[in-house]
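Look at the sequence and the fold before reading on.

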Amino acid sequence: MANEFRICDDCLATNIHTLVPRLKKLDPEAKIEIACQSYCGPGRKKSFAFVNDRPISAPDEKQLLEKVKKKINSKVAK
């Protein structure tokens, strides 16, 4: 089953112009949905993404991508 990433194009701490290509690099087959995720509070201060319906956030994009990578790798290991 393919991974699914959901990110917001309105939240201040998320830059979709840099995040989307980096997510595609992690998993070129993943579905990426860009829309409001109703995660406005945390999205104001932290970069975030929903990965397979689970929210993941971090202080910056680099740390977020490390967490996303761990999450999708743990799915593969199961």
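In which strand is Lys31 found? Lys31 belongs to strand β2. The model is a predicted one, and every value below was computed from it.

**Lys31 and its surroundings**

Lys31 has a relative accessible area of 52%, and it counts as exposed because the limit for that class is over 50%. Apart from neighbours within four places in sequence, Lys31 is in contact with Asn3, Glu4 and Phe5. Asn52 lies 21 residues from Lys31 along the chain, and the C-alpha atoms of the two are separated by 9.7 Å.

**The sheet**

Strand β2 is part of an open sheet of four strands. Their order is β2-β1-β3-β4, and the pairing is mixed. At the edges are β2 and β4 (54–58), each of which pairs on one side only. On average, neighbouring strands of this sheet are turned by 25° against each other, direction ignored.

Strand β1 (residues 4–7) pairs with β2 in the parallel sense, over four bridges. In that pairing, Arg6 has Glu33 of β2 as its bridge partner. Strand β3 (residues 47–51) and β4 run antiparallel and are joined by five bridges. Phe48 stands opposite Ser57 in β4.

**Helix α1**

Together, β1, α1 and β2 make a β-α-β unit, and this unit is right-handed. Which residues of helix α1 (residues 16–26) are buried? Leu19, Val20 and Leu23 are buried in this helix. Viewed down the axis of α1, the buried residues fall within an arc of 100°, so they line one face of the helix. The face turned away from that buried side carries His17 and Lys25, which are exposed.

The N-terminal end of α1 is capped by Asn15, with a side-chain oxygen 3.0 Å from the backbone nitrogen of His17. Lys24 also has its place in α1. Between the C-alpha atoms of Lys24 and Asn73 the distance is 15 Å, and the two residues are 49 apart in sequence.

Gln37 sits in the loop between β2 (31–34) and α2 (40–45). Is Gln37 buried or exposed? Gln37 counts as buried because its relative accessibility is 11%, and the cut-off for buried is under 20%. Its side chain is joined to that of Arg6 by a polar contact of 2.9 Å. Not counting residues up to four places away in sequence, Gln37 touches Arg6, Ile7, Cys8, Phe48 and Phe50.

Glu61 lies in helix α3 (residues 61–77). Leaving aside neighbours within four places in sequence, Glu61 is in contact with Asn15, Thr18, Leu19, Arg22 and Ser47. Asn15 is the residue that caps α1, and Leu19 is one of the buried residues of that helix.

The table lists the accessibility values and classes.

| Residue | Relative accessibility | Class |
|---|---|---|
| Gln37 | 11% | buried |
| Glu61 | 13% | buried |
| Lys24 | 47% | partly exposed |
| Lys31 | 52% | exposed |

Definitions and conventions. Residues are numbered from 1 along each chain as its sequence is written. This is a predicted model: local features need pLDDT of at least 70, side-chain atom pairs count only at pLDDT 80 or more; totals for chains, interfaces and linings use all residues. Side-chain values use heavy atoms; hydrogens and water are left out. Helices (H or I, at least four residues) and strands (E, at least two) are DSSP runs, numbered from the N terminus. Buried means under 20% relative accessible area, exposed over 50%, partly exposed in between (1.4 Å probe, protein chains only). A polar contact is a pair of N or O atoms within 3.5 Å; within protein, one must be able to donate a hydrogen and the other to accept it, and residues adjacent in sequence count only if both atoms are side-chain atoms. Contact means heavy atoms within 4.5 Å. The arc is that of the directions from the helix axis to the C-beta atoms. Two strands pair if DSSP finds at least two bridges between them. A crossover is right-handed if, with the strands pointing away from the viewer, the path from the first strand over the helix to the second runs clockwise. Axes are lines fitted to C-alpha atoms, for helices over the stretch in contact, and angles run from 0 to 180 degrees between N-to-C directions.
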